[in-house]
Amino acid sequence: MFQLFSYFSFLLFCFLFLSRPSFPARTTPDTTTVLTANTLNATWQEFSRFLDVGIGTQASGMSELKRYFHRFGYLSLSATDNLTDVFDTQLQSAVIAYQTNLGLPVTGKLDSDTMSLIMSPRCGVTDATGATTKALHVTKHFTYFYGKPRWVRGSPMRLTYAFSPDNMIDYISNAEMGEVFKRAFSRWAEVIPVNFTQGEEYENADIKIGFYHGDHGDGQPFDGVLGVLGHGFSPENGRLHLDAAETWTVDFAAVKSRVAVDLESVATHEIGHVLGLGHSVVQEAVMFPSLNPRTKKVELKVDDVEGVQALYGSNPNFKLSSLEESENSSNEAVGLNLRSPISKWTVGVLVVALVLCT
């Protein structure tokens, strides 16, 4: 009897182990990213020391983290503020606002999820754009620049773009560069009644594209490898700047660098800013502010489309319902993956256990 019980206990353990839930891959960095980000992100690597720090803690360099939150719109500072290295109530409020705005668990602490996102490469445009849509539908989390600026042209609207003759990178050919941006502009043109055409005259183009190092005269200096990847200015400014210090690529198979950044993904995101969109809280959206190295994100989501169409209307040849159905199907598939799968091994274990117990 004891031996039978031992067999049953062993089989029960196998059942519990083999039938454990299977969860889909996450789109945001996990705790592992926090542990390895300092080997990738030279800009914000020092922030890793603040993992799990909470209010009242004093830590060297905390003032730089406060500057980070100020830069991206979460912490108000005056020219006379004396930043300290103490995790004070003001910083806690900034952390809570950051977590709330970007869809993270709201803990008020620098937990692993929060630190992963803080240390991830991102767009340099502030998250506090001043005009958030207040819709009841939970997928609508797009934002606009203050005042909801947009391009105003005749119908049909046509915008030209051109590349800087002096500020480009030499390891991606002009032809490849042109194709990347053509695809990126086309993704937006598919959903709104705006046509984009590459022009030859840079000074006369509506949208001016260039790659720049460090302080390049627009008040938003770049910071080296990773960190800020690029920024786009609101309409009708038209400037789209990318950090020349990055390892840009159009093909991850051809570029093995661990810090390689997909050019088309960042281009598609920054074009959204040039059109008037701010950042989205939807992590799968193109307009979410962060993008990890060796990651490609170019497909517009419903949130991206609804945001830009609220500014320019819909392309008559585009059906939003088709995209909504596609996203709903994907979400349902993810939901099914959350269920615990019953494998052949699990069924076999259950059969054997029943036999032994009879």
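This is a predicted model: local features need pLDDT of at least 70, side-chain atom pairs count only at pLDDT 80 or more; totals for chains, interfaces and linings use all residues.
**Entry 1: helix 6 against helix 7**

I began with a reminder to myself: two packed helices are described by the angle between their axes and the distance between the axes. For helix 6 (residues 174-189) and helix 7 (residues 263-275), I found an angle of about 50° and axes 9 Å apart. Angles from 65 to 115 degrees would be roughly perpendicular and those under 35 roughly parallel, so I wrote down that helix 6 and helix 7 are oblique to each other. The crossing of helix 6 past helix 7 is right-handed.

Next I looked up who touches whom. Helix 6 brings M177, V180, F181, R183, A184, F185, R187 and W188 to the contact, and helix 7 answers with L263, E264, A267, T268, I271, G272 and L275. Sorted by type, the residues of this contact come out as 10 nonpolar, two polar and three charged. I also noted a bit of background: an α-helix has 3.6 residues a turn, so residues three or four places apart point the same way.

**Entry 2: helix 7 on its own**

I stayed with helix 7 and checked its span. Its 13 residues reach 18 Å from the first C-alpha to the last, close to the 18 Å expected at 1.5 Å a residue. Is helix 7 mostly covered or mostly open? Mostly covered, I found: 13 of its 13 residues are buried. Just after helix 7 sits G276, with a positive phi of about 120°.

**Entry 3: helix 8**

Then I moved on to helix 8 (residues 302-312). I saw that 10 of its 11 residues are buried, so helix 8 is largely enclosed by the rest of the structure. My list of the buried ones reads V302, D303, D304, V305, E306, G307, V308, Q309, L311 and Y312.

**Entry 4: helix 3 against helix 4**

I went back along the chain for another pair. Helix 3 (residues 62-71) and helix 4 (residues 89-101) cross at roughly 45°, and their axes come within 11 Å. That angle makes helix 3 oblique to helix 4. What is the handedness of the crossing of helix 3 and helix 4? I noted it as left-handed. M62, K66, Y68 and F69 of helix 3 make the contact with L91, A94, V95 and Y98 of helix 4. By type, I got seven nonpolar, no polar and one charged residue for the contact of helix 3 with helix 4.

Most residues other than glycine have a negative phi, and most peptide bonds are trans.

- I found a cis peptide bond from S155 to P156, with omega near 0°. P156 is in the loop between strand 2 (143-144) and strand 3 (157-163).
- I found another cis bond joining P235 and E236, with omega about -5°. E236 lies in the loop between strand 6 (230-232) and strand 7 (239-243).
- L226 is not a glycine, yet I read a positive phi of about 55° for it. Its place is the loop between strand 5 (207-212) and strand 6. Buried means under 20%, so L226, at 1% relative accessibility, counts as buried.
- R294 also has a positive phi, near 55°, without being a glycine. I located R294 in the loop between helix 7 and helix 8. With a relative accessible area of 33%, R294 is partly exposed.

Note on methods. Residues are numbered from 1 along each chain as its sequence is written. Side-chain values use heavy atoms; hydrogens and water are left out. Axes are lines fitted to C-alpha atoms, for helices over the stretch in contact, and angles run from 0 to 180 degrees between N-to-C directions. Helices (H or I, at least four residues) and strands (E, at least two) are DSSP runs, numbered from the N terminus. Angles under 35 degrees count as roughly parallel, over 145 as roughly antiparallel, 65 to 115 as roughly perpendicular and the rest as oblique. A crossing is left-handed if the near helix is turned anticlockwise from the far one by less than a right angle, and right-handed if clockwise. Contact means heavy atoms within 4.5 Å. Ala, Val, Leu, Ile, Met, Phe, Trp, Tyr, Cys and Pro count as nonpolar, Asp, Glu, Lys and Arg as charged, and the others, Gly among them, as polar. The expected span of a helix is 1.5 Å times one less than its number of residues. Buried means under 20% relative accessible area, exposed over 50%, partly exposed in between (1.4 Å probe, protein chains only).
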